[in-house]
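We will go from stop to stop, and at each one you will hear what to pick next.

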Amino acid sequence: MNSLVGSRSAKALPDGGVAPGAPQIRPGLKIRTKLLLLVLLLLVIPWMGYESVREMEKFLLAGQEQALELTTQGISSILGNRTDLFDPGVGVPEIIGRPLTSLLGEIEEPLAIDAPAEIWAASVGPLTHFSGFGLFECGPEYRPESLAVRHGLALGPDSVFAFFEIDDDVLVFRDPTLLSLDANDQIRMTIQRNNGEILRYLLTAQAPGRLSVYLMRANWKDVVDGEALREIVGTLDPLTGGFAVKVRIPRDLLGVGARLKFEVVDIDDRNTREIEQIISTEPDPGSHEFGSVRLVTPELAKLIQPLYISEANITVWDRSYRVRAQVGSVVPPAREAFGMTPPEKASLLKRAEDQLIRFLGWILRSPARGLADMPADSSAEDQRVLARVLAEGEPSTERRRYGDAKLIVTASPIWAQGEIEGAVLIKQSANKLLALQYKTLQRFTILFLAVFVFLSLAILIFSTRLTYRVGRLQRETEQAASSEGRLLKDRIRAGARSSDELGSLTRSISSMLHNLGQYTRYLERLPDTLAHELHNPLNVVNSSLENLQYNHRELTDDKHLQRARNGIGRLRSIITSLTEAASLKEALSQEQEQLERFDLRSLIQNCVEGYQSANPGYRIVATLAPTSAWIFGVPDRIAQMLDKLIDNAIAFGAQNGLIIVNLRHGGDNLELTVSNDGPTLPPEIADSLFDPMVSSTRDARKTHLGLGLYIVRLVTEFHKGTVAARNRRGGTGVDVVVSLPTLTGQ
Amino acid sequence: MATIIAIVEDDTDQRENYSDVLMAHGYEVRAYPDRPSAQIAFERELPDLALLDIMLGEDMDGGFDLCMQLRNLSPTLPIIFLTARDSDADRISSQRMTAWDYITKPVSLEFLVARVHALLRISEQLQSQPEPEHNVSVGSLVVNEKSMLVHWKENPVNLTLTEFWIIESLSRNPGHVKTYDALSDVTRQGLVERNTINGYIRRIRNKFREIDPAFDRIQTVHGTGYKWEQDHG
């Protein structure tokens, strides 16, 4: 179908008018963007998850709090009415440096001060090792063989027995000639009594055997009382590579709830007698200031021993704010419990994952970080809670936050005979719970991210495909018809097999195009069919007239017969022009190989001479380019086209008017313009002027089927040219411009 | 013995109009409305000339079928197609069946009679020996007016009557332009459009080119007509 191939070659441009353009692209969101925005709505899910986890956290914390309260109250009721437990006399001195949970060993029989070191070592139970590592008293050049202490302590009926096994490479005794007491190897003992009084005793020896004991001032240089004390008895026995010290301290001296601390001072140089290093039984001198009195009741400690709660610290206090028993620690034993394994050398992927997890940890506030914020000592706050509980007699619960660390503190009073005897205080870290929650959140987040990425990708792919298909359908639909509404394609193949709505739409459009195409073809064939059908009756009329004339010679000049013949002549010419377009299309399809090179200029010149002689009533003028205009085509058809252009110019031009045929070179094209001076084009046919059966004539005497310019279009398109009509400036006259590609390189 | 002319035409009015005019000119006419009746009649008796419509009622190509039958019965019988169908395909088909002429409706009865005369005369000539003295030579072209035979470089060119008349007209005055109007008269069809003349010329050129691909003697004078180019050698 020729007319279905030529695209926009024929375009009529009325005065300054703009041909109806392609569908405008409106600004706004495209399907893909919309769908992706929809995907963004999925972000509500992690928010919801986060919120619900938060809710869960609140709920769990409340539960934990309640459980802790119950535990506290349980403990306090167990301890209720047990005044004996809080009896100040029951308390034992606390030895700083020993774990509170392991109580002092008790011995039935008092140890003889002269008993061998082995018996003492066996009697005081397992010795605790103290070394100088990590202590600030010992410099970085600390050597274990220079000084190391093994120390044991036992509680007798009347006395406290302390035993030391000290490694020392050089044993320096006190020089009797020197006044100072501290310029030799010595043991310092500090006692903080129940009433806060601090007593400092220096134990030193001039020779193996009995130690001299002096009460010292705070600087450990000056003696309070010049006399050596007799209550405290100690001996020093040299051993290989060191010495052993046995000390017996009367319990009366300590009183009740005293604190005891030993320091072993080592001096190695007999001349300078400077203190080399000090080892203390208190591992961290800063953490337990003297003044915060702790008085452990062994009974109480035994009672609460089984009540161990993980990550909780249970303390039992008496009215005087002294710790009577303590179990557990808020800080979990190993940080590994939180999965804080140090990063190993890992693959890139693993590192990326670690980075992601670290990022998540930052976003989701990993409780593992919170642990670092947990204070080592929160006794000040504890005191406040205790004060409230002891004053009001009501259980009290509070939740504390130290940075990211969460602590639940509950306290409950212990009643005895209607009086508040003391209080139980439990501190538990909420971070373990949060760690669990955090793990959940982390897993959920990773899962969600995966789902989100997957969904986004899927929707992106889907929407891209959808957009592509819609775009393709749009392109195909736009290409199916020219801007003048001429059908170029009668079906859309791409995407028509798809089973979804878009495929169905494609099929609908395709079938619509198909029907339109059939209708168009029917319309295009109509003139031909009509002509064919008219031929037979016309032939009947014609042959009958001829027979009539033959049989009745006298009628030859009859005016009616003449008119009938004229009518037949007109009918014939109508029928001829009707078939001309159809037969031209058929002929052109066969003339594709008959193209030849010829001079358009001389052809036009010859033709115009012929037109002028055939139409003496008009002035037909050729204004041609001076040079030859070679084109590649079928000269007969070009001449036929020229016939139609001239016919058209005559039909629509002014009576006896001027017709100008102009030919000029314009770039790669030759522009042939046929101008008349008739009325301008009616705008309503401007777009369809070159379609079949379109004519502006309303004159009944003239037969114009509107096929002339259609033939012009067919021939032009066959020669790969374009044709347009436009009104001339000045209100009258129409230019029909045929643009044909010129032959280049010849 | 009167010359018998067979007319096969489905339209009664036309058939009778043809019959009337031919009988008025002294021919004996056998008219048939459809293919079967014509076929039976042709088996029994061959006419001297046949005038066939192509479309016979529902029978789209009935005329072609009859033409083949007649050609089988007689290789030299003049056959004229008289039809409303004016396509190149139909013309080529008729040529392949060696019909002598192809006229499209509406036809002038006057010219129809003239053609019938001419074809009968040529038919007679062919039955006797072709007479060389009637040959007219223009360069490599030999035209025998009596027997409607055209030779180009001693090869016969198979032309219809109308085409023959055009060649005869062009070659009579070589080098002179025959205008469209002049050629229109030559075709003896009444009013003939330029485009129809162009069609005849195109078909004639094609037939010569089948014999001699370099054939270029028929020159177009655009907007005016055609001329026969004289040999230069």
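Before the first click, please keep in mind that this is a predicted model.

**Stop 1: chain B as a whole**

You are looking at eight helices and 12 strands. Of its 233 residues, 42% count as buried. Taking contacts in chain B between residues at least 6 apart in sequence, 57% join residues at least 24 apart.

**Stop 2: the largest core**

Now show side chains for Ile5(B), Leu51(B), Leu52(B), Ile79(B) and Ile80(B). These have the most contacts inside the largest nonpolar core, which has 62 residues.

Centre on Leu51(B). Leaving aside residues up to four places away in sequence, what does Leu51(B) touch? Its partners are Ile5(B), Ala6(B), Ile7(B), Tyr18(B), Ile80(B) and Leu82(B).

**Stop 3: helix 1 of chain B**

Tyr18(B), one of those partners of Leu51(B), takes us to helix 1 of chain B, which covers residues 12–24. Its 13 residues should span 18 Å at 1.5 Å a residue, and its end C-alpha atoms are 18 Å apart, which agrees. Select Gln14(B), Arg15(B), Asn17(B), Tyr18(B), Val21(B) and Leu22(B), which are buried. They cover an arc of only 165° around the axis, so they sit on the same side of helix 1. An α-helix has 3.6 residues a turn, so residues three or four places apart point the same way.

What covers these buried residues? The cover includes strand 1 (4–8), strand 2 (28–32), strand 3 (49–52) and helix 5 of chain B, together with helix 12 (501–551) of chain A. Just after helix 1, look for Gly26(B), which takes a positive phi of about 90°.

**Stop 4: helix 5 of chain B**

Move on to residues 109–127. The 19 residues of helix 5 of chain B should span 27 Å at 1.5 Å a residue; the end C-alpha atoms are 27 Å apart, in agreement. Pick out its buried residues: Leu109(B), Leu112(B), Arg115(B), Val116(B), Leu119(B) and Ile122(B). Their arc around the axis is only 145°, which puts them on the same side of helix 5.

**Stop 5: where the chains meet**

Bring chain A into view. Here 27 residues of chain B are in contact with 30 residues of chain A. On the chain B side, helix 1, helix 5, helix 8 (194–211) and strand 11 (218–221) give two or more residues. Helix 1 of chain B gives the most, with seven residues. By class, this side of chain B has nine nonpolar, 10 polar and eight charged residues.

**Stop 6: inside chain A**

Finally, select chain A, with its 16 helices and 26 strands. Buried residues make up 32% of its 746 residues. Zoom in on Val661(A) in strand 23, residues 658–666. Is Val661(A) buried or exposed? With 22 C-beta neighbours inside 10 Å, Val661(A) counts as buried. Leaving out residues up to four places away in sequence, Val661(A) touches Ile604(A), Val608(A), Ile620(A), Ala622(A) and Val674(A).

Definitions and conventions: Residues are numbered from 1 along each chain as its sequence is written. Chains are lettered from A and ligands numbered from 1 in the order in which they are written. This is a predicted model: local features need pLDDT of at least 70, side-chain atom pairs count only at pLDDT 80 or more; totals for chains, interfaces and linings use all residues. Helices (H or I, at least four residues) and strands (E, at least two) are DSSP runs, numbered from the N terminus. A residue is buried if 20 or more other C-beta atoms lie within 10 Å of its own, exposed if 12 or fewer, and partly exposed in between; C-beta atoms are placed from the backbone. Two residues are in contact if their C-beta atoms, placed from the backbone, lie within 7 Å. A nonpolar core is a set of buried Ala, Val, Leu, Ile, Met, Phe, Trp, Tyr and Cys residues joined through C-beta atoms within 7 Å. The expected span of a helix is 1.5 Å times one less than its number of residues. The arc is that of the directions from the helix axis to the C-beta atoms. Ala, Val, Leu, Ile, Met, Phe, Trp, Tyr, Cys and Pro count as nonpolar, Asp, Glu, Lys and Arg as charged, and the others, Gly among them, as polar.
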